[in-house]
Amino acid sequence: MGQSFSEDLDMIPPKNTIVLIPVFNEEANIAPLLKEVGEHLPGVPVCVINDCSTDGTAQKLKTVGCAWLNLPCNIGVGGAMQAGFRYALEQGFDYAIRLDGDGQHPPAECSALIERMAQGDVDLVTGSRFLGNGGYTSTRVRQAGIAGLAAFLSWACRQKITDPTSGFQMVNRLAMIYFAYRYPSDYPEPEALALLSRQGYRFAEVPAKFRERQAGKSSIRRWGTVIYLFKVCVALFVDRCRAVDPRFDRRHMEEVV
Amino acid sequence: MTIPQMVSAAAGVILLGGSLYSFFQHKTRRFKALFWGAIGAAMVYAGFRPTFIEILGPDSTELRIRLIVALLSFIVLTVTLEAIRISRMQERYGFLWLATGLLLLAGVLFPDLARGVEALTGIGYGVAVLMVIFAFILLMLFHFSVALSLTQHKLAQVARELALAEERLRRVERRSPESAER
């Protein structure tokens, strides 16, 4: 733990890094994405978590030659990520990078996350669309929602957060241990940040360029945005009311791990 | 003959016919068949002679409400017990239902109890019964939400464990191909 990588290796991820890719019905995207990961993060093991896709994703995974987890029923991206974190811990990895299965998070951008993580002062790094000139466009409703959420979350965490819904993240072992124990279920990213901050973990954002999803359909529908916002705000509020879990308090964890 | 009478008579005929049929068809559940047959016969009789209700006491709104609530509590109790018996429902989930049924039954058997509530709260009898039902249904819905969330949580945990175990099995099988062939 707490190791830092040397300056000249800053583009190459540390040996003990794994890429976790939660997928749901990404038959068409998964193979190109894995190929891209192989190009930009050579030698880094990948684990795809198939959240009980109803298309041919499971069949496809048998041919791509990386590790994969097949969830027997659909439990949402949060639950799937939790399975991924469990896997990474069991396999003894110290860092995990999450990429979304729709290809939104370009593997080429991972180096920014890795560099930031290498500074060793944070437990989680998020790639933000809105830092720098990300050039990301979305529907107006969604953008307004994200802005409101960012303001609320920044206040809750007492830290500036520009992209609360970004799932483009890299976590270290400490954060992984906590997430393996507890990770929000449906749309987990904002709540996960709030939980981390509450437990005393530190995180940072780096600018990252996202892409449009490569193929297939997004799983969030138009009304989903409003429901999403409501659900997340309730969750954030409730989490604020909960006591800090002493077993997973960061200072305590540092002593134990 | 008014429409409610006709409905009662028709339902009674169906009930009576059904229970007679099952009385002779399935020889095991004769008591149950006789019971429902009696209710059917009573309904048919009540259809032709609406004053039949007066054998229970002077006809009044209260008596009618009590009859309906008695039926309701009877249904709640039997359905719950039956569901528990064929183990479609766990006892702890049936508990609130049984309590509801018994409370309704108590309200029917001891109208003074309900009058006490009425005196205490100033709410009329019929409405009071509705309020009790409503409150209990809300309670039960809350209970189910909690149970459902817990189950969801456990399900996700089991799913994760299964996925991890399956992955481990794949790795082991890859290492020793002969075991995979079996």
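On the surface of chain B, the residues B:Met1, B:Ile3, B:Met6, B:Val7 and B:Phe48 form a nonpolar patch with about 560 Å² of accessible area together. Accessible areas here come from the Shrake-Rupley method with a 1.4 Å probe, and for residues only the protein chains shown count as cover. A patch takes residues with over 30% relative accessible area and no salt bridge; nonpolar side chains (Val, Leu, Ile, Met, Phe, Trp, Tyr) are joined within 5 Å, like charges within 9 Å. Helix H1 of chain B, residues 3–25, gives the largest share of this patch, three residues. B:Val7 lies in that helix H1. Helices are DSSP runs (H or I, at least four residues), numbered from the N terminus.

A word on the source. This is a predicted model, where local features need pLDDT of at least 70 and side-chain atom pairs count only at pLDDT 80 or more, while totals for chains, interfaces and linings use all residues. Residues are numbered from 1 along each chain, chains are lettered from A, and side-chain values use heavy atoms, without hydrogens and water.

Now the contact between the chains. Chain A puts in 15 residues and chain B 13, contact meaning heavy atoms within 4.5 Å. About 1200 Å² is buried between them, 59% of it from carbon and sulfur atoms; buried area is the accessible area (1.4 Å probe) lost on being put together, summed over both parts. Of what chain B buries against chain A, B:Arg160, B:Leu164 and B:Arg170 supply 42%, more than any other three residues.

Two salt bridges are counted between chain B and chain A. A salt bridge is a side-chain nitrogen of Lys or Arg within 4 Å of a carboxyl oxygen of Asp or Glu. A:Arg86 forms one with B:Glu161, with the closest N and O atoms 2.4 Å apart.

How values were computed:
Buried area = accessible area lost by both parts, 1.4 Å probe. Helix = DSSP H or I, 4+ residues; strand = E, 2+ residues; numbered from the N terminus.
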